[in-house]
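Here's a quick tour of a model, written for someone who likes to know the cut-offs. Have a look at the sequence and the fold, then read on.

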Amino acid sequence: MRISWTKPDFGEDEKKAAIEVVNTGWVTQGKVTKRFEEGIEEYTSAKDVTVVNNGTAALITAMLAHGIGKGDEVIVPSLTFIASINSIISIGATPVLIDSDPKIWNTTPDLAREKITPKTKAIMPVDVGGMPIDIEGFEKLAKEEGVVLIEDAAAAPGGEYKGKKMGGFDHTSTFSFHIAKSLQTIEGGCVLTNSDEIGEKCKSIRNHGMSAPYSAKINLHYDYVNYGLNFRITDIQSAIGLVQLSKVDKQVEHRNKLVRMYKEGLDGEFEFQTVPDYVTKHPYLFFGIMADADKRDSLAKCLVNNGADIRVCWLPAHLQAYHKSLFKGLFLSGAEEVGNRSIELPLGGCTEEEVNDVVKLIKGWVKNQ
Ligand SMILES: Cc1ncc(COP(=O)(O)O)c(C=O)c1O
């Protein structure tokens with residue numbers, strides 16, 4: 001038996017769309033990417049979307065567009081994929097790590113408030129596993145404190161907060177379209193904003209800060225008006241993204257069905273991430289169970305040895321080999337509890353049969369304890 005943690009959800013339509021782009025002779029970022037951006041705007045109701053080549057680039061683009069840089073502090077949870085932290089370091093700003101609530105795995109406005117200083121320029125909460133953060137709470141905090149709110153919603157495409165699609169709120173958010181996500185372009189991501197000014201800056205930053213799309217007919221030379229880098233995506237990936245966009249709701253429904261099966265199958269044996277009422281749709285990039293800390297590794301090994309691929313999301317950033325010297329002496333009990341106890345089970349692209357097999361494996365392990 002071999003059950004992948006996640007699989008690409010690509011069918012004939014994605015293949016056809018990619019080949020059609022190749023046949024046009026224009027494969028780099030162009031008209032198809034523009035259509036993909038408009039499609040995401042319509043789906044999320046965000047005013048402006050800038051598609052880039054991955055979710056990390058989306059975070060960097062969003063921060064640069066908001067004028068964040070050297071000397072600025074950005075508040076971010078330690079319990080996140082390392083890209084949230086590394087993107088802040090990459091622009092010369094200082095990540096200020098905060099704890100997370102071990103029940104919901106997300107950080108909270110109260111935990112962020114404690115770390116605000118005169119140097120705080122932005123708060124970057126993260127939707128862990130795609131689960132929406134307390135958006136109203138964070139928007140209120142950011143407004144009161146006069147700081148920028150950038151939501152790392154990398155895993156959240158297809159999720160909903162109080163019935164509204166993720167990405168369509170007043171603050172800036174970012175998505176990732178990496179192959180594990182509910183909307184996949186192999187690698188890819190985007191910045192979503194309700195500000196025309198930020199949107200325009202993002203489009204310039206992803207292209208080395210160029211003022212406008214280059215056209216030899218109009219411009220005799222390239223004009224660079226912002227600092228930027230090459231964060232462009234290809235039209236081949238955007239064509240795949242357009243097909244995926246039409247399937248994202250179905251993909252999220254399927255993930256929710258598998259999660260219900262896991263929860264029913266493992267009821268009473270483990271704790272799960274608590275889903276607050278304001279989360280009206282959890283897109284489930286991943287689904288995790290909380291084992292006892294001293295038994296977690298034994299269960300993880302049992303699953304892997306029996307062919308079920310798992311992940312641990314995540315060892316908090318302040319404990320990572322490279323990062324621990326940057327955050328010496330930091331103890332964050334909530335982040336560390338999740339990091340020590342959780343196991344993320346196979347989900348994306350899995351069949352119901354595969355989920356039943358994983359449940360059986362886990363129950364067998366429980367019996368032997
Ligand atoms: C919370 C979070 N932020 C950022 C990223 C970075 O996205 P990408 O891998 O597309 O660069 C990820 C990717 O999984 C993520 O989970």
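## Two domains

The chain splits into domain 1 (12-245) and domain 2 (248-367), with bounds that come from an automatic or database domain assignment. Taken over C-alpha atoms, the centres of domain 1 and domain 2 are 25 Å apart. Across the boundary, 35 residues of domain 1 are in contact with 35 residues of domain 2; contact here means C-beta atoms, placed from the backbone, within 7 Å. Strand S6 (160-161) and helix H8 each bring at least two residues to the side of domain 1 that touches domain 2. By class, that side of domain 1 has 18 nonpolar, 10 polar and seven charged residues. For the classes, Ala, Val, Leu, Ile, Met, Phe, Trp, Tyr, Cys and Pro are nonpolar, Asp, Glu, Lys and Arg are charged, and the others, Gly among them, are polar.

A word on provenance: this is a predicted model, where local features need pLDDT of at least 70 and side-chain atom pairs count only at pLDDT 80 or more, while totals for chains, interfaces and linings use all residues. Residues are numbered from 1 along each chain as its sequence is written.

Helices (H or I, at least four residues) and strands (E, at least two) are DSSP runs, numbered from the N terminus. Axes are lines fitted to C-alpha atoms, for helices over the stretch in contact, with angles from 0 to 180 degrees between N-to-C directions.

Start with H1 (residues 12-24) and H8 (residues 235-245): their axes come within 8 Å and cross at roughly 150 degrees. H1 passes H8 in a right-handed crossing (right-handed if the near helix is turned clockwise from the far one by less than a right angle, left-handed if anticlockwise). On the H1 side the contact includes Ala17, Val21 and Val22, and on the H8 side Ile236, Ile240 and Val243 are among the residues. The whole H1 contact with H8 divides into nine nonpolar, no polar and four charged residues.

H2 also packs on H8, with axes within 8 Å and a crossing of roughly 30 degrees. That makes H2 roughly parallel to H8 (angles under 35 degrees count as roughly parallel, over 145 as roughly antiparallel, 65 to 115 as roughly perpendicular and the rest as oblique). H2 passes H8 in a left-handed crossing. Phe36, Ile40 and Tyr43 are among the H2 residues here, meeting a set in H8 that includes Ala239, Leu242 and Leu245. The contact of H2 with H8 divides into seven nonpolar, four polar and two charged residues.

## H3 against H7

H3 (residues 55-65) and H7 (residues 196-205) pack at about 125 degrees with axes 9 Å apart, and are therefore oblique to each other. H3 passes H7 in a right-handed crossing. Thr61, Ala62, Leu64 and Ala65 of H3 face Ile198, Lys201, Cys202 and Ile205 of H7, a set of six nonpolar, one polar and one charged.

The Cys313 to Trp314 peptide bond is cis, with omega near 0 degrees; Trp314 sits in the loop between H10 (296-305) and H11 (333-341). Ser45 has a positive phi of about 65 degrees although it is not a glycine, and Ser45 lies in the loop between H2 (31-44) and strand S1 (48-52).

Methods:
Contact = placed C-beta atoms within 7 Å.
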